[in-house]
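The following exercises are meant for a reader who meets this structure for the first time. Each task is followed by a solution in steps.

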Amino acid sequence: MNIAIASGKGGTGKTTLSATLAFYASQFQTTALLDCDVEEPDANLLLKINVENRYPVNVLIPQVDMDACTGCGKCQKVCQYNAIVLIKARPLVLPELCHSCGGCYLACPEHAIKEIPRPIGTIETGNSNNLFYAAGVLNIGEHITTPLIDEVKKEHRHATLRIIDAPPGSSCPVIHAMEHSDFVILVAEPTPFGFHDVVLAYQVAKSLSIPCGIVINNMVEEYEPLRNFIHNENIPLLATIPHDINIARSTTQDNLIDYMISNYGQHIQNIYEYCTNRVIL
Amino acid sequence: MKPSIQQLAIVSGKGGTGKTSIAASFAKLANQRIVVDCDVDASNMPLVLPHTIIQEIPFFGEKKAVISQDRCRGCGDCVIYCRFNAIKDFYVVEPVLCEGCAVCAMMCPYEAIDMVEHQSGTVVISQSDGQPFLYANMGIGEGNSGKLVSELREKAKSIAEEENYNLIIIDGPPGIGCPVIASITGTTHVLIVTEPTISGIHDLERIVQLTQHFRIPSSVCINKSDISAENRQLIMDICNKNNIPVIGTIPYDEDVIRAQIAGKTVVEYSEGSASQEITKLWQTVQTMLQATIAK
């Protein structure tokens with residue numbers, strides 16, 4: 001079973017919940033935590049699992065054999081991303097703009113283009129007992145994150161439960177993170193920003209026809225529009241976790257997951273049981 | 001000589017550190033500015049800056065492939081050539097997965113595939129406090145957020161030139177990828193808002209590397225600065241090591257959330273400690289920007 005955790009807004013507690021839930025679940029079944037927030041992967045700051053493997057993720061970019069190139073410009077014409085431009089009848093490749101579609105390679109009448117790998121990030125994996133971990137780490141200055149997200153999701157397929165920590169936002173990286181999940185846990189803050197953005201995340205899940213449950217996090221006081229939304233859309237409310245400044249206060253020396261389990265163990269158990277029971281039913 | 005237009009981008013790496021609350025307060029405090037919400041995935045600034053919409057411009061990102069069911073003979077070549085797995089059986093393009101590369105259209109032996117314009121969002125030009133405020137509404141699950149950010153910034157720049165504004169305040173998205181790069185390239189200064197939490201520190205290091213990669217002058221503001229002295233010290237150490245000045249510290253203050261619920265900026269809503277520190281921070285930022293002009 002794949003469960004994605006998303007929120008639209010950043011900083012609502014997605015990663016803390018993902019890591020805690022993964023740790024909790026690993027007591028009962030082989031669990032994987034897949035950190036798909038490849039721009040800022042933070043899950044292992046909490047889990048502290050030893051990274052045993054690192055490997056680069058490459059995308060394909062064109063390389064032009066200048067001896068074979070006649071300067072016809074077909075490659076530039078087919079490229080929808082302006083990633084290949086002709087300067088004085090010689091093609092110049094702009095790697096960061098390339099989407100690796102292979103169009104130029106297919107279009108070149110002289111077969112002067114071959115595709116070569118270019119690294120955009122790294123996958124890190126490791127495990128501790130029954131808990132498996134994988135994260136994508138985007139290289140600094142890279143634009144495109146989706147190939148890295150897709151790669152993270154290929155990890156730890158043997159795990160019976162895979163928890164996907166999605167990036168913030170509502171655009172294509174979130175789609176790639178959520179896609180093929182069986183269930184989405186939305187993490188909402190009861191504030192105008194938190195509400196506005198969780199609705200977007202909910203719409204992404206809906207567009208992929210994935211059922212959702214919701215966790216209200218950092219609860220200080222009720223936010224009426226959020227309550228109404230949950231009620232009107234009939235989204236199961238899995239837990240309400242109060243605002244707790246100690247979570248933010250924790251340092252790298254502290255064990256935040258232990259703290260979460262001892263203070264909010266019941267909430268985590270409820271979320272876990274809801275998700276697992278859903279599948280049995 | 002006409003003074004050049006200064007662009008201040010506010011980013012954070014980590015989400016939820018307080019970018020928008022600070023940027024919206026700056027918009028309120030600045031006498032003469034254009035403000036742009038570049039977090040097109042989840043734009044929150046309109047929730048705290050009351051505004052009147054003047055114009056809504058459709059934004060067309062990449063085209064999308066559409067297979068004509070009349071002309072399609074079902075050979076399946078498109079499925080073989082599409083690298084985005086966007087063509088589903090038997091034979092329909094899934095728009096959210098299509099990246100508009102047009103390879104399927106090029107390879108289809110029956111010319112059964114058309115590339116169709118696709119509106120992926122809307123650029124909104126509005127007025128807040130009688131001054132320009134730009135943001136965007138992006139369609140759910142759309143790609144091209146970087147391109148939409150560039151479009152917003154182009155629009156802001158042309159309004160600045162026409163109407164003689166010399167400051168553009170940009171509220172950036174979280175992360176370090178495409179939309180963040182589009183939000184910070186070519187800016188005068190980047191203000192990084194961080195918080196003394198484990199992930200705040202880690203994400204700060206990555207966004208600092210990004211601003212240094214693009215050689216954009218930057219400074220740091222520590223929000224919720226009093227929640228952990230130990231973590232705050234780690235932030236100071238990172239900034240010292242990278243020669244980035246820490247130009248503001250804002251204490252944790254629940255008025256920030258209350259202001260949001262009231263639909264107001266922090267500096268309007270409250271005279272509390274966060275409001276005071278944001279005001280001080282704005283004065284420092286202004287002095288810093290003026291120093292850049294003098295250079």
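**Exercise 1. The sheet of chain A**

In what order do the nine strands of the open sheet of chain A stand? Describe the sheet and the helices that pack on it.

*Solution.* The model is a predicted one.

Step 1. The open sheet of chain A has the strand order 3-6-7-2-8-1-9-10-11, and its pairing is mixed.

Step 2. The edges are held by strand 3 (53-64) and strand 11 (237-242) of chain A; each has a single partner strand, so one side of each lacks a neighbour in the sheet. On average, neighbouring strands of this sheet are turned by 20 degrees against each other, direction ignored.

Step 3. One pair within the sheet can be followed in detail. Strand 6 (residues 113-128) and strand 7 (residues 131-138) of chain A pair in the antiparallel sense over eight bridges. Within strand 7 of chain A, L138(A) is the residue that stands opposite G121(A).

Step 4. The helices come next. Helix 7 (residues 192-207) of chain A packs on the sheet and touches strand 9 (183-188) and strand 10 (212-219) of chain A, with its direction at about 175 degrees to that of strand 9. Helix 8 (residues 224-232) of chain A also packs on the sheet, where it touches strand 9, strand 10 and strand 11 of chain A. The direction of helix 8 makes about 165 degrees with that of strand 10 of chain A.

**Exercise 2. The sheet of chain B**

*Solution.* 

Step 1. Nine strands of chain B form an open sheet with mixed pairing, in the order 3-8-9-2-10-1-11-12-13.

Step 2. Strand 3 (52-60) and strand 13 (246-250) of chain B are at the edges with a single partner strand each, so each has one side without a neighbour in the sheet.

Step 3. Strand 11 (residues 189-194) and strand 12 (residues 218-223) of chain B pair in the parallel sense, over five bridges. In strand 12 of chain B, C221(B) faces V193(B), the two standing opposite each other.

Step 4. Helix 6 of chain B packs on the sheet and touches strand 1, strand 11 and strand 12 of chain B; its direction is at about 170 degrees to that of strand 11. Helix 1 of chain B lies across strand 1 (6-11), strand 2 (34-37), strand 10 (167-171), strand 11, strand 12 and strand 13 of chain B, and runs at about 160 degrees to strand 10.

**Exercise 3. The contact between the chains**

How many residues does each chain give to the contact, and which parts of chain B take part?

*Solution.* 

Step 1. Chain B contributes 57 residues and chain A 53 residues. The area buried between them is about 4,700 Å², and carbon and sulfur atoms give 61% of it. On the side of chain B, R83(B), I140(B) and I198(B) lose the most area to chain A, together 15% of what that side buries.

Step 2. Between the two chains there are two salt bridges and 25 residue pairs in polar contact, both residues being at pLDDT 80 or more. A salt bridge joins the side chains of E40(A) and R206(B), at 3.7 Å from N to O.

Step 3. The elements of chain B that give two or more residues to this side are helix 1 (19-29), helix 3 (103-107), helix 5 (178-184), helix 6 (198-213), helix 7 (229-241) and helix 8 (255-261). Helix 6 of chain B supplies the largest share, nine residues.

Step 4. By type, this side of chain B divides into 28 nonpolar, 21 polar and eight charged residues.

Notes
Residues numbered from 1 in each chain as written. Chains lettered and ligands numbered in written order. Predicted model: local features only at pLDDT ≥ 70, side-chain atom pairs only at ≥ 80, totals over all residues. Heavy atoms only, no water. Contact = heavy atoms within 4.5 Å. Buried area = accessible area lost by both parts, 1.4 Å probe. Salt bridge = Lys/Arg side-chain N within 4 Å of Asp/Glu carboxyl O. Polar contact = N/O pair within 3.5 Å; in protein donor to acceptor, adjacent residues only side chain to side chain. Helix = DSSP H or I, 4+ residues; strand = E, 2+ residues; numbered from the N terminus. Nonpolar A, V, L, I, M, F, W, Y, C, P; charged D, E, K, R; others polar. Pairing = 2+ DSSP bridges. Axes fitted to C-alpha atoms, helices over the stretch in contact; angles between N-to-C directions.
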